[in-house]
Every structure is written in C-alpha cells, then in structure tokens.
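Notebook open, structure loaded. I'm jotting down what I looked up, pocket to begin with.

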Amino acid sequence: PFILECMGTQESDGAELLPSFPTVCYCIYTLAERIKGTARFAIHFDSQVNIPKPADMVAKFMVNCSQCNPSSRETSLGIVRAMLAVAPLLTQSGSDTTVPDLWVGTVPQLLDYLKSDQFDANKWEDVNHKLLVNTVTAKRDERWIEQVGTSLMSQIKAYNSKDRVEFKRVSLSMIGAVVSKSTKREFVRTTLEFLVDNTDHTVLQQRQGCAKALGFFAATHGDAVLDRLSILVKPPTTSAVSSWFSNLTATDSAKALGESSKSTAL
C-alpha cells in the first residue's frame, strides 16, 4: 500500500507530487491487479498512518479525475482505473462497505463513458460532481461529510500555481458541493469563510469556482450564504500608510480587489 503515500494526506497536500499523479495512478492500478484477492490487498489505516485515509483519497481522486479534455483522455482513463482499483479499500470499518460498493458499481460507468464516442468533456465535470455528492451522502454520516470536506480544503494549496488554476476552480466548487450537505452550522460557516478567503477574486477561474460553491450552499444554507455575501460586497478598507503615494496605490489595489469580490458575489 505504500505507493499510496505519494497521494498526500491532510497533513501534506502533496503539491510537489501533483505532476506525477497520473503515473502514481498507473502504478496503483498495475499493482492492485497483481495482488487483488490476496492477503496483501489490504490497508490498516490505524497502524499505517502515512497512508492517506479514505476521505483523502476520495478528495484527491475526484479533483484530478475531473480535469479531462480530448487530448488528456488517456490520462483520465489511468486515474479512473486507479479509482476502481482502490474502491474496495475505501473504508476504515470492514463492516461498512457503502462507499466501496458505490464506487465498484459506478466507476466502471465512468470508464465506459470515457471510452465512448459520445464523451463530452464539458459534461465530464458534472459527472464527477455527481459521483462525489453520492459518495458523501450515501453513508448518511455527518462525520464522513466533514472528513471529505476537510480533506478537500487541506489539499487546496496544492492548486495555487498558475498552471493549476483549473484544478483550483474545481476544488473550490467541490468543497461547496460536499459541505453544503452538512447539517453542522458551525462547519458550514467556517467553510464559507475558507472559500472566500482562499479565492483570489482577481482570477476569473477562481471566481467561477467560488461562485459555483456558493450556489451549492445557497440551496441548503441560504441564510449563511447571504450573511457571507453581505461581507463580501462591502467596500474594502485600507490601512493607514506613511506617504500619500503608497496610500493612493493601496487604495487603487483595494478598489480592484473589491470590484473582483463583487463579481464573485454577483
């Protein structure tokens, strides 16, 4: 199972390993095919602490799997095959096979769709969102929703570079899709703060991801979203500075950020 350490955990976002993630997925799939059905095909999450927990794996797989276009379909096939390979292991309790059963039954449909002539890259992201929402709601367990949401948030720093802007967009929207299913008001409130604070509102793709996440929240936690939006659209304030020129520059920057934040809210 040690190849799974390359995926990162909540304590390590695994940013340095992202470029090699498709290769890691190929290795996971190949190794799983060899040892499936043997005693080696098992993970003891309590003792093997460097192995990402099921929630960490779900978060990492779903964000990376969602990024697919006609030129990268083969890469996505490798990721989906790895998802199917680890599906039976996505439980810390041997008696609860809800998520493994869901993935074993659903992920082959993703493989078939990727291979089909009807594949539409524009619909692929929605397909992944649907699988993610089903994954967090199937167990009817509030702790599971919180674990997956927390894992998505812990990994988001890995997508801050300019070449990962689409990953950041999807990650933001997936946080909204997951945590909007929570009934814990404090967790919802802190997640909304996290979304807004970790979005660069001057970057179009990040604004889109944050806005989509807020839309998910609005369907189930409308009051909390309105409270957060009222803060987001307030005129920005600037701190006092020593010179007239630096004060003018800071004011212009704050105005630009304020307008971008309003665009997110709208």
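Predicted model: local features only at pLDDT ≥ 70, side-chain atom pairs only at ≥ 80, totals over all residues.

Pocket here is a grid term (1 Å grid over the protein atoms alone; an open set of points where a 1.4 Å probe fits, with protein on both sides within 12 Å along at least five of seven lines; lining residues have an atom within 4 Å of a point). Helix H8 (185-197) and helix H10 (222-232) are the elements that give two or more residues to this lining. H10 gives the most, with 6 residues. I noted the lining's make-up as 4 nonpolar, 3 polar and 6 charged; Ala, Val, Leu, Ile, Met, Phe, Trp, Tyr, Cys and Pro go down as nonpolar, Asp, Glu, Lys and Arg as charged, and the others, Gly among them, as polar. The space in the pocket is about 280 Å³, a volume filled by probe spheres set on the points, with points joined across faces, edges and corners.

Numbering runs from 1 along each chain as its sequence is written, and side-chain values use heavy atoms, with hydrogens and water left out.

Next, the fold. I count 11 helices and 0 strands for the chain, taken as DSSP runs numbered from the N terminus (helices H or I, at least four residues; strands E, at least two). Of the 266 residues, 46% are buried, meaning under 20% relative accessible area, with exposed over 50% and partly exposed in between (1.4 Å probe, protein chains only). Among contacts with a separation of 6 or more, 72% join residues 24 or more positions apart; contact means heavy atoms within 4.5 Å.

Then I checked lysine 184, which sits in the loop between helix H7 (165-179) and H8. Lysine 184 is partly exposed, at 35% relative accessibility. Apart from neighbours within four places in sequence, lysine 184 touches Glu142 and Glu146.
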